[in-house]
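Please look over the model below. A short report on selected sites comes after it.

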Amino acid sequence: MIEVKQLVKKYGDHLAVDHLDFQMEAGKIYGFLGPNGAGKSTTMNIMTGYLGATSGEVIVDGHDILKEPEEAKKHIGYLPEIPPLYTDMTVMEYLKFAAELKGIPKEQREDALEEAMQLTKLSEVGHRLIKNLSKGYRQRVGFAQAILGFPDIIILDEPTVGLDPKQIIEIRELIRGLAKKHTVILSTHILAEAREVCDEILIISKGKLVASDTPEHLELLMNGAEMVEIETKAQPETVRTILSNMHGIRTITTETIGEGEPQEKTTLAKMEVEEGQDIREAVFYAFAKSEYPLLMLKTSKASLEEIFIELTQGEEEHEHAGNL
Ligand code: ADP
Ligand code: MG
């Protein structure tokens, strides 16, 4: 249905999309999840033919979006981050205009309009000027425009931003309803939203794809990670040396706490432990033997949030946390 191959977008020297590679099947809801600036909007703008790529390919239903944009665009409905609404038009005038632009045949326009307005619960405000509508209603107008004529693929850039909780629930229900017949791709920087709505999550960080899986599987992977945290007066390098021969530790991150003289500082170390391993006793004896008392020792589970942050944090932050 959609194939993205080695997609690259540079703004000057800045690599906003860094060799993205993925495929999407029909009838599923896909989520682009990533922090602000990750490259979600840029990727969506390229996938929908609104922005050229520096290199790479996007194939939509067999058509190259860069080489045959007209043909490929027929299969796509798009709600951009900032929908280009003509606020001096009424809802109906605007949607009629959008239907024309999309090339929906004249005899089908009326039905397409009615269906889209009904689904987005806009029927009652059809004759109101867009500029007099609330943020929630305006977002629905953008949404109605995206689903006009029900294209195979519906792409929504942060569709719930700025809406109140009730409106968010409505939009999410609408999205789930659409997925019965259409492929839906949405972007979000909210983990809970991706988890709740999407069949597949693509985590994007600094223009790169860092994970791609079902929410259930991602969660399993994440909950499997057991952590052991310790605090000690030993220096980070000493902590690593003491732990270096211990079995069952996957990764170690260290952080120095406190200011002033070296003897006033302590080290907080977090260890990711292999499944089913309990290293607490071994850690206790190893530090006792080296005559570095432990000031604290506890276990914790890595939360979905923590893993998301770990997956999407930059190289700079990793350097502060010590070498992995
Ligand atoms: P997201 O939608 O995930 O928040 P964007 O795709 O909007 O991310 O942006 C990705 C990166 O590209 C950011 O670092 C952003 O500052 C940069 N960027 C986006 N649009 C432009 C542009 N028109 N000119 C220069 N840099 C841009
Ligand atoms: Mg964006």
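The text covers a ligand site, a pocket and a few single residues.

This is a predicted model, in which local features need pLDDT of at least 70, side-chain atom pairs count only at pLDDT 80 or more, and totals for chains, interfaces and linings use all residues. Residues are numbered from 1 along each chain as its sequence is written, chains are lettered from A and ligands numbered from 1 in the order in which they are written, and side-chain values use heavy atoms, with hydrogens and water left out.

**Ligand 1**

Which residues surround ligand 1? The shell is made of Tyr11, His14, Ala16, Pro35, Asn36, Gly37, Ala38, Gly39, Lys40, Ser41 and Thr42. A residue counts here if one of its heavy atoms lies within 4 Å of the molecule. Strand 2 (14-24) and helix 1 (40-47) each supply at least two residues of this shell. Helix 1 gives the most, with three residues. Helices (H or I, at least four residues) and strands (E, at least two) are DSSP runs, numbered from the N terminus.

By class, the shell has four nonpolar, six polar and one charged residue. Ala, Val, Leu, Ile, Met, Phe, Trp, Tyr, Cys and Pro count as nonpolar, Asp, Glu, Lys and Arg as charged, and the others, Gly among them, as polar.

| Residue | Part of residue | Distance to an oxygen atom of ligand 1 |
|---|---|---|
| Glycine 39 | backbone N or O atom | 2.9 Å |
| Lysine 40 | polar backbone atom | 2.8 Å |
| Threonine 42 | side-chain N or O atom | 2.6 Å |

Taken alone, ligand 1 exposes 570 Å², and the protein buries 60% of that. Accessible areas come from the Shrake-Rupley method with a 1.4 Å probe; for residues, only the protein chains shown count as cover.

**The largest pocket**

The largest pocket has a volume of about 780 Å³. It is lined by 27 residues, and the closest to its centre are Tyr50, Ile76, Ala98, Leu101 and Lys102. On a 1 Å grid over the protein atoms alone, a pocket is an open set of points where a 1.4 Å probe fits, with protein on both sides within 12 Å along at least five of seven lines; lining residues have an atom within 4 Å of a point. Grid points are joined across faces, edges and corners, and a volume is the space filled by probe spheres set on the points.

Helix 2 (69-73), strand 6 (76-79) and helix 3 (91-101) each supply at least two lining residues. Helix 3 gives the most, with four. The lining has 15 nonpolar, seven polar and five charged residues.

**Single residues**

Arginine 240 lies in helix 9 (residues 236-243). Is arginine 240 buried or partly exposed? Arginine 240 is partly exposed, with a relative accessible area of 22%. Buried means under 20%, exposed over 50%, partly exposed in between (1.4 Å probe, protein chains only). The side chain of arginine 240 reaches the backbone oxygen of isoleucine 252 at 3.4 Å. A polar contact of 3.4 Å also joins the side chains of arginine 240 and threonine 254.

Threonine 254 sits in strand 12 (residues 249-257). Threonine 254 is buried, at 7% relative accessible area. Glutamine 145, in helix 5 (residues 135-147), is buried at 10%.

Note on methods
A polar contact is a pair of N or O atoms within 3.5 Å; within protein, one must be able to donate a hydrogen and the other to accept it, and residues adjacent in sequence count only if both atoms are side-chain atoms.
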